[in-house]
Amino acid sequence: MKLSIVGSGYVGTTIAGCFADLGHEVVNVDIDEEIVETINSGESPIHEPGLDDLIATHAGSKLSATTDYEAIHDTEVTFLALPTPSNEDGSIDTASIEAAAESVGEVLAEKETPHLVVVKSTVIPGTTEELVATAIESTAGKAAGEDFHVAMNPEFLREGSAVTDFLEPHKIVLGTQDAAARETLESVYEPLREQATGEPPIFATGIREAEMIKYANNAFLASKISLINDIGNICKEFDVDAYEVAEAIGLDDRISEQFLRSGVGWGGSCFPKDVDAIIAAATQAGYEPPMLEAAREVNDHQPTRMLDLLDEHVDVADKRVAVLGLAFKPGTDDTRNSRAIPIIQGLLDRDANVVAYDPVATANMQAHFPDIEYADSAATALEDAFAALVVTDWDEFAALDTEFESMVEPVVIDGRRVIEGRDGIVYEGLTW
């Protein structure tokens with residue numbers, strides 16, 4: 001099929017490369033000329049394992065990019081994969097997706113054959129029908145459900161494994177309001193289901209239900225992490241290894257072992273934004289969700305607990321302190337809501353001389369902290385440091401050994417259980 005994807009960010013670029021790999025003809029539409037040029041040259045504009053190869057393989061054949069919305073005219077399905085960032089009150093900013101919908105409508109005004117517009121962005125229930133469909137109707141002069149169709153198809157991609165997550169999904173959620181939209185979406189995903197292991201299930205539902213499923217999915221996982229962090233904090237007070245506890249309870253299939261790694265907390269572009277958004281939406285609707293508010297509170301406090309552990313061992317004022325890991329998780333260069341941000345800020349508030357290192361995320365963190373020192377290796381960061389805080393569980397940190405000998409005082413506060421305690425260093429695990 002011929003597909004168009006509006007937005008060439010993390011989600012848009014990933015699904016474009018994957019859809020092209022499934023045999024569809026894909027065109028990315030983006031207002032950023034530099035991103036368009038990058039894709040057309042066969043390179044990925046984002047750091048994501050496996051995506052470079054897909055873009056390089058299909059650019060110029062199955063995949064192209066443009067700044068011209070008119071490219072949508074010759075496609076059958078348009079996916080809206082645009083950011084919905086947080087407003088100050090936690091609610092989502094829908095300006096980008098509304099503007100895109102209006103532009104899509106202008107193109108559809110000239111199109112005679114049916115067209116399906118699919119929202120991939122994470123949006124509050126009601127957004128697809130009340131905002132996106134209405135915006136298209138106003139500029140196209142056509143009726144939703146008759147002249148064009150809308151649908152919601154949430155994504156469940158994890159940064160660092162997005163390509164695998166797309167091609168081997170646990171589920172495919174199709175939110176539609178009519179049979180025509182559902183049949184078209186099923187055709188889009190038919191090649192994926194044919195090649196994926198175990199033929200992943202399609203969950204067909206309404207548009208509002210599909211919008212809520214994405215929030216419920218992320219809110220549940222974020223809450224699970226906060227719960228194991230809360231339990232881990234209790235374990236630490238009683239000198240109990242939280243990871244031993246988690247291993248045991250994870251054997252219960254009602255709990256499972258996934259997302260039971262306690263530590264410094266969750267970040268990234270999805271969990272913080274989505275939890276904030278659903279809390280804000282619920283509050284606006286008249287319900288205050290105490291469980292989700294508690295999950296957010298626990299998460300926000302984990303970096304403070306890590307810094308408190310550091311304070312027990314070192315007064316860091318005017319001392320060199322290494323921060324290992326800047327990305328919010330390994331396998332990505334994304335620093336959005338990284339736990340390293342409050343950690344670094346806390347160290348600066350203590351007048352520490354911060355030196356930071358990450359294999360791929362340094363440039364993105366420099367936008368937050370342009371004046372701290374950035375090292376080109378973990379070993380360099382540790383030289384002459386009085387303490388080290390491990391914030392991201394990159395594999396290379398697990399291999400550190402004699403590098404700690406170059407520290408003035410080898411105090412290591414581990415927020416991810418990636419360093420192994422050994423003779424010659426003062427080692428503190430955050431929850432063990």
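How many salt bridges does the structure hold? The structure holds 17 salt bridges, a salt bridge being a side-chain nitrogen of Lys or Arg within 4 Å of a carboxyl oxygen of Asp or Glu. The model is predicted, so local features need pLDDT of at least 70 and side-chain atom pairs count only at pLDDT 80 or more, while totals for chains, interfaces and linings use all residues. Residues are numbered from 1 along each chain as its sequence is written, and side-chain values use heavy atoms, with hydrogens and water left out.

Two sheets are described here, followed by the helices. Helices (H or I, at least four residues) and strands (E, at least two) are DSSP runs, numbered from the N terminus. Two strands pair if DSSP finds at least two bridges between them. Strands of a sheet pair through backbone hydrogen bonds, either parallel or antiparallel.

Axes are lines fitted to C-alpha atoms, for helices over the stretch in contact, and angles run from 0 to 180 degrees between N-to-C directions. Strand S1 (residues 2–6) pairs with strand S4 (residues 77–80) in the parallel sense, over 4 bridges. Serine 4 has threonine 78 of S4 as its bridge partner.

Contact means heavy atoms within 4.5 Å.

The axes of H4 and H5 come within 7 Å and cross at roughly 40°. That makes H4 oblique to H5; angles under 35 degrees count as roughly parallel, over 145 as roughly antiparallel, 65 to 115 as roughly perpendicular and the rest as oblique. The crossing of H4 and H5 is right-handed. A crossing is left-handed if the near helix is turned anticlockwise from the far one by less than a right angle, and right-handed if clockwise. The H4 residues in the contact include Ile97, Ala101 and Leu108, and those of H5 include Leu131, Val132 and Ile136. By class, the contact of H4 with H5 has 8 nonpolar, 2 polar and 3 charged residues. Ala, Val, Leu, Ile, Met, Phe, Trp, Tyr, Cys and Pro count as nonpolar, Asp, Glu, Lys and Arg as charged, and the others, Gly among them, as polar.

A salt bridge joins the side chains of glutamate 129 and arginine 208 (3.3 Å, N to O). Glutamate 129 lies in helix H5 and arginine 208 in helix H8 (residues 207–237), so the pair ties together parts 79 residues apart in sequence.

A further open sheet has 6 strands in the order S11-S10-S9-S12-S13-S14, and its pairing is parallel. Its edge strands are strand S11 (373–374) and strand S14 (426–429), each pairing on one side only. Strand S10 (residues 353–357) and S11 pair over 2 bridges in the parallel sense. Valine 355 stands opposite glutamate 373 in S11. Helix H12 lies across strand S9 (320–324), S10 and strand S12 (387–390), at about 175° to S9.

H12 packs against helix H11 (residues 290–311) as well. The angle between H11 and H12 (residues 340–349) is about 40°, and their axes are 9 Å apart. H11 and H12 are therefore oblique to each other. Their crossing is right-handed. Pro303, Met306, Leu307 and Leu310 of H11 make the contact with Pro342, Ile343, Gly346 and Leu347 of H12. These residues divide into 7 nonpolar, 1 polar and no charged.

H11 also passes helix H10 (residues 271–285), with axes that come within 10 Å and cross at roughly 145°. H10 passes H11 in a left-handed crossing. Val275, Asp276, Ile278 and Ile279 in H10 meet Leu292, Glu293 and Arg296 in H11. The contact of H10 with H11 has 4 nonpolar, no polar and 3 charged residues.
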